[in-house]
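Please look through the sequence and the model below before reading on.

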Amino acid sequence: MFGRWLQRLGPGPAAYALLLLLICAGHSAWGAPADSIVYQTPSTFDPHSGPAHMIHHLSLFVMQITAVIFVVVASLLAFVVVRYRQRDPNDDSEPPQIYGSTQIELAWTVIPILIVLVLFLTTARILFAIQDQKMPATAIDADVVGHQFWWEFHYPKYGFTTANELHVPVSTEQAPMTTSLNLLSADVDHSFWAPALFGKIDSIPNQVNHIWITPDKVGMYVGQCAQFCGVEHAKMLLRVYVQTPEDFAAWVKNQQQPGVQDPAVAEGRQIFESQACSSCHVIRGTAAQGQFGPDLTHFMSRDTLASGAADNTPANLKLWIQDPDYVKPGSLMPAMQLSGDQIDKVVAYLTTLK
């Protein structure tokens, strides 16, 4: 029903407003299994992975120290304000002035130095513990490449590439599983961050950074780019799907297959391959071998499009192809200037890529 409304409205402010309303309403169902957890708000205070637990404990330690500092400073301030307040409006005298107190100067110099030293050493210990973690031979490897403005995920062990939605297996005491992520950038600086699983890790051109995760609960965890990387930085979102080993293996097996070739949508495929779409996107098993945009081989297996900017529905997909700037202003995908009939046929083709 909503799809027909969008089609009637066509590209315009009203259609865009309705699309945003649908996106907001759809956030209550992010596509995770019913018995799993869903994190719609990134938070470091509910960790579910090894690095996140370390960072969480460090943050609590820092908060305890700063809370003590706040209480001490606020108490001293309140004491001074009350004790030395002006009691007589006609009393213009000043309290006794004390200069050169060695004890006071030592206190406000030595104590802060000791506090900073403790925080520095504690933070360094956590950083080295995360960075020096040995990767087991059974670790799942994935290369994460930041683009303006989307994420590319390459699984070299399994021989396929996907985008914007990272899938990893859950780690349990009975079956511990580590996922090792190598972070790169194809253009500018990005920062890969899903706070329930790990800290911010920069993706920098010509440099490979590394992080590992051991997620302990099945579910969908949201994150985003945490480094300003251009006009659409705020909508460079990501999702991490933590799955059971069986579900992850089934997902991998499906992703390894070439794109579905349904004769019923052959005309839409022909339009896709004859336009500039095939110059930017890959669909394995077809003539589309572009490298600039996301791999679309199993496009409909994702819950979102435009790096999380909208739910992956035919109506949103049509609006995205019609005019990407209405869905994600500043995105680098151009409007293809296709007719309405051509767009319908391309959408019909893309919706078969599951």
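A residue counts as buried when its relative accessible area is under 20%. With that cut-off in hand, we can turn to the model, which is a predicted one, and begin with Ser 180, a residue of strand β6, which covers residues 179-185. Is Ser 180 buried or exposed? Because its relative accessibility is 4%, Ser 180 counts as buried. If residues up to four places away in sequence are set aside, Ser 180 touches Met 135, Ile 140, Asp 141, Ala 142, His 210, Ile 211 and Trp 212.

Leaving aside neighbours within four places in sequence, Leu 181 is in contact with Ala 142, Val 144, Leu 166, Phe 192, Phe 198, Asn 209, His 210 and Ile 211. Leu 181 is also one of the residues with the most contacts inside the largest nonpolar core, a group of 35 residues in which Trp 151, Tyr 155, Leu 166, Phe 192, Phe 198 and Val 240 are listed beside it. As background, nonpolar side chains in soluble globular proteins tend to be buried together.

Trp 320 brings us to helix α8, where it is among the buried residues. This helix is mostly covered, since 7 of its 9 residues are buried, namely Ala 315, Asn 316, Leu 317, Lys 318, Leu 319, Trp 320 and Ile 321. How does such a helix sit against another one? Two packed helices are described by the angle between their axes and the distance between the axes. Helix α8, residues 314-322, packs with helix α10, residues 340-350, at an angle of about 130 degrees, and their axes are 10 Å apart. That angle makes α8 oblique to α10, and α8 passes α10 in a right-handed crossing. On the α8 side, the residues that meet α10 are Pro 314, Leu 317, Lys 318, Ile 321 and Gln 322, while α10 contributes Ile 343, Asp 344, Val 346, Val 347 and Leu 350. Sorted by class, this contact has 7 nonpolar, 1 polar and 2 charged residues.

A further pair of helices is formed by α3, residues 50-83, and α4, residues 102-131, whose axes come within 10 Å and cross at roughly 175 degrees. That makes α3 roughly antiparallel to α4. Here Pro 51, Met 54, Ile 55, Leu 58, Phe 61, Val 62, Ile 65 and Ile 69 of α3 meet Ile 115, Val 118, Leu 119, Thr 122, Thr 123, Ile 126, Ala 129 and Ile 130 of α4. The residues of this contact divide into 14 nonpolar and 2 polar, with no charged ones.

Val 282 is found in the loop between α7 (277-280) and β12 (304-305), and its C-alpha atom is separated by 9.6 Å from that of Gly 259, 23 residues apart along the chain.

Finally, consider the protein as a whole, which has 10 helices and 13 strands. Of its 354 residues, 43% count as buried. Among contacts between residues at least 6 apart in sequence, 63% join residues at least 24 apart.

Definitions and conventions. Residues numbered from 1 in each chain as written. Predicted model: local features only at pLDDT ≥ 70, side-chain atom pairs only at ≥ 80, totals over all residues. Heavy atoms only, no water. Axes fitted to C-alpha atoms, helices over the stretch in contact; angles between N-to-C directions. Helix = DSSP H or I, 4+ residues; strand = E, 2+ residues; numbered from the N terminus. Parallel < 35°, antiparallel > 145°, perpendicular 65-115°, else oblique. Left-handed = near helix turned anticlockwise from the far one by under 90°. Contact = heavy atoms within 4.5 Å. Nonpolar A, V, L, I, M, F, W, Y, C, P; charged D, E, K, R; others polar. Core = buried A, V, L, I, M, F, W, Y, C linked by side-chain atoms within 4.5 Å. Buried < 20%, exposed > 50% of the residue type's maximum accessible area, 1.4 Å probe, protein only.
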